[in-house]
Every structure is written in C-alpha cells, then in structure tokens.
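User: Could you walk me through this one? I'd like to go from the overall picture down to single side chains.

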Amino acid sequence: MLYRVRGKLVNFSPPTQGLTRSPSLEVCQLVKRVMADCASGIKHVTLELGGKSPLLIFADADMENAVKGAMMANFLTQGEVCCNGTRVFVERSIKDEFVKKLVAKTKTLKIGDPVNDDTMMGALINKAHMDKVLNYIEGAKKQGATVLCGGERFTPEDPALSGGCFMTPCILDNVQDDMTVAKEEIFGPVLSLMTFDTEEEAITRANASEFGLASGLFTNDLKRAHRLAAQLEAGYVWINNFNLNPVGLPFGGFKHSGIGRENAADSINHFSQLKSVYVEMGDVDCPY
C-alpha cells in the first residue's frame, strides 16, 4: 500500500508492522484510509491527531496563575501546539478582571528571534500557514467575535527578520461555540474567550467537540478538580497548569484526536508485541 503524505510516498505493505503518525487536519481523511488498510493487514496503528482543547477558569482560581496558564495554553511556540487550550472558558463573575490582566500581559510579549533569551514568541512555520491563521481571525470578526489585542502581521526591528512570518498574539472575545474558530484547529497564537455560569455548563460545552486531545482547569477546589477531570473527554488533563508534558505521563487523545499513546511504557507497548515463553526443565506431567 503506497500513500502520498505531504509529497512523500509512504509504503505500508509488508514487512511494515505498524504505523504511528501525528498529522495535520488536512491529512486526517488520508489517515482514516491508512488506518482502514492497516486493519486489513492486522497492523498496529497509533495516531495523535488534531485538538481543540478547552481550558476552564473558575472564580476560586489564583488569578495570576490562571492568566499565565491561559498564555501557556495558547502562545507557546507561536500557538503551533496540537494540545493547546484555545477555547478558554471563564466564569462570569471574574471575566472582566481576568480579561484585563490577560490582555495587559499578552501585550508585553516580545516577538522576534527565538535564539534571544528575551524573545517570548517567534515566527510561524511559513507564510501560507500564517495567512491561514490570519484568515481565521478575519472570519471570526465577520461572525461576531471581538479582537481585544493582536491578530496582525508583525515586523521585528531587526532587519534580518524582515522576511519572517511573524504575527502578534491574538485574543478574541464574544466567541460562540458554533463559530469556526471555536470548532476548528487553528494552530496559531489565537485565544478564544467564552463565558460560563455553572460547572455543569462548563463541562458540557468543553466536551462539545469532535476532538479530545487535552484539557485543563484552574481552581483551588481539589474535589472539583478531580470531579471535572473524570468528566472531561480528553486524554490529558492539566489542573492549575498547562502544556507541561513529563515523559513519564502517557500522551494521546480521545475521539477524533487519535488512538494510542506516546511517552512512558504505553508508547513502548505500541511498538512491541507481548510474547509468553514457558520453560520446563523437569519431566512432563501428563495423564496419557
């Protein structure tokens, strides 16, 4: 079985014994075909696919940490992270204060050469992708979202970086669950703000996605944290932090976000097969 993936021919015929893949949304339909064909040959498959992860901010959370967590969940490596918490649900009673602090801190991010220690955000991978991210922002505005900051092409002061694909980190407010930016993976520095009133509402809306790669929540109520962690339909849940990935914790998604796990012993299990060997050094106990 030969497939063309991003211009390269990939052979899944014997003796290939398995497949692991972290594709973009553009190749997910191809991945489904590959998965079906792997099944016909009884081959192992692990897939880490897209995400549209939720981040829940409750009123009892530490405000400063919640703001930093939301930024980690959206602007790390220019937002080009599959598990980013791009749907940020904030409890109504703290929404105004949270947004004020979030916008102010986001505006301080220095954009430039990632080699420099004081740089907080670098360039997107290429111009085509940057244009795609900017188009998502324009589409959100047309659907009724409000840009609180960022979302524009940026040119650093260093002339050597003038041709780079830089943009300012964007925060969108008044985002509704049915908007494109709330449903599709953007893979860029775009944070979508939404408001909730009850815990039940928050968990229902957080799970209302075809994806289930990751999720997060900020609260000082540990009982609530574990209760919601059990209800969130995601393969990875951060409590009072985001985008930390210790190698000892398995990583992978629910629903359309994939199958199988990376990291830890679970990853090794996907690339090996269990074999049982029984050794007898004495006489065979046989009734025959």
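User: First off, what share of the residues of the protein chain count as buried?

Analyst: Keep in mind that this is a predicted model. The protein chain has eight helices and 16 strands, and it exposes about 15,500 Å², with carbon and sulfur atoms supplying 54% of that. Of its 288 residues, the share that counts as buried is 47%.

User: Among contacts between residues at least 6 apart in sequence, what percentage join residues at least 24 apart?

Analyst: Contact here means heavy atoms within 4.5 Å. Counting pairs at least 6 apart in the protein chain, the part that joins residues at least 24 apart is 65%.

User: Let's zoom in on helix α6. Which elements do its buried residues pack against?

Analyst: In α6 (residues 199–206), the buried ones are E199, A202, I203, R205 and A206. They span an arc of only 170° around the axis, so they sit on the same side of α6. E200 and T204, on the other side, are exposed. The buried set packs against β5 (54–57), β6 (87–91), β11 (190–196) and α7.

User: R205 has a salt bridge with D177. How many residues apart are the two?

Analyst: Their side chains meet at 2.8 Å, N to O. R205 is buried because its relative accessible area is 15%, under the 20% cut-off, whereas D177 is partly exposed at 34%. D177 is in the loop between β10 (170–173) and α5 (180–183) and R205 is in helix α6, so to speak distant parts of the chain, and the separation is 28 residues.

User: Are K110 and D118 buried, exposed or partly exposed?

Analyst: This pair also forms a salt bridge, at 2.7 Å from N to O. K110 has 40% relative accessibility and D118 has a relative accessible area of 42%. Buried needs under 20% and exposed over 50%, so both are partly exposed.

User: Now the aromatics. Which residues do ring pairs link into a cluster?

Analyst: The structure holds four aromatic pairs. In one of them, the ring centres of Y236 and F251 are 5.6 Å apart with planes at 55°, so that pair is tilted. Y236 lies in the loop between α7 (222–231) and β14, and F251 in the loop between β14 and β15, so the pair ties together parts 15 residues apart in sequence. The cluster is Y236, W238, F242 and F251.

User: What is the relative accessibility of F242?

Analyst: The rings of W238 and F242 have centres 4.5 Å apart and planes at 35°, so this pair is tilted. W238 counts as buried at 5%. F242 is buried too, because its relative accessibility is 0%.

User: Last one: which residues make the nonpolar surface patch?

Analyst: The patch covers about 220 Å². L244, one of its members, is in the loop between β14 (237–239) and β15 (254–255) and is partly exposed at 41%. The patch is made by M72, L76 and L244.

Note on methods:
Residues are numbered from 1 along each chain as its sequence is written. This is a predicted model: local features need pLDDT of at least 70, side-chain atom pairs count only at pLDDT 80 or more; totals for chains, interfaces and linings use all residues. Side-chain values use heavy atoms; hydrogens and water are left out. Patches are made of residues with over 30% relative accessible area and no salt bridge: like charges are joined within 9 Å, nonpolar side chains (Val, Leu, Ile, Met, Phe, Trp, Tyr) within 5 Å. Accessible areas come from the Shrake-Rupley method with a 1.4 Å probe; for residues, only the protein chains shown count as cover. A salt bridge is a side-chain nitrogen of Lys or Arg within 4 Å of a carboxyl oxygen of Asp or Glu. Helices (H or I, at least four residues) and strands (E, at least two) are DSSP runs, numbered from the N terminus. Buried means under 20% relative accessible area, exposed over 50%, partly exposed in between (1.4 Å probe, protein chains only). Rings of Phe, Tyr and Trp (its six-membered ring) pair if their centres lie within 6.5 Å; planes under 30 degrees apart count as stacked, over 60 as edge-to-face and the rest as tilted. The arc is that of the directions from the helix axis to the C-beta atoms.
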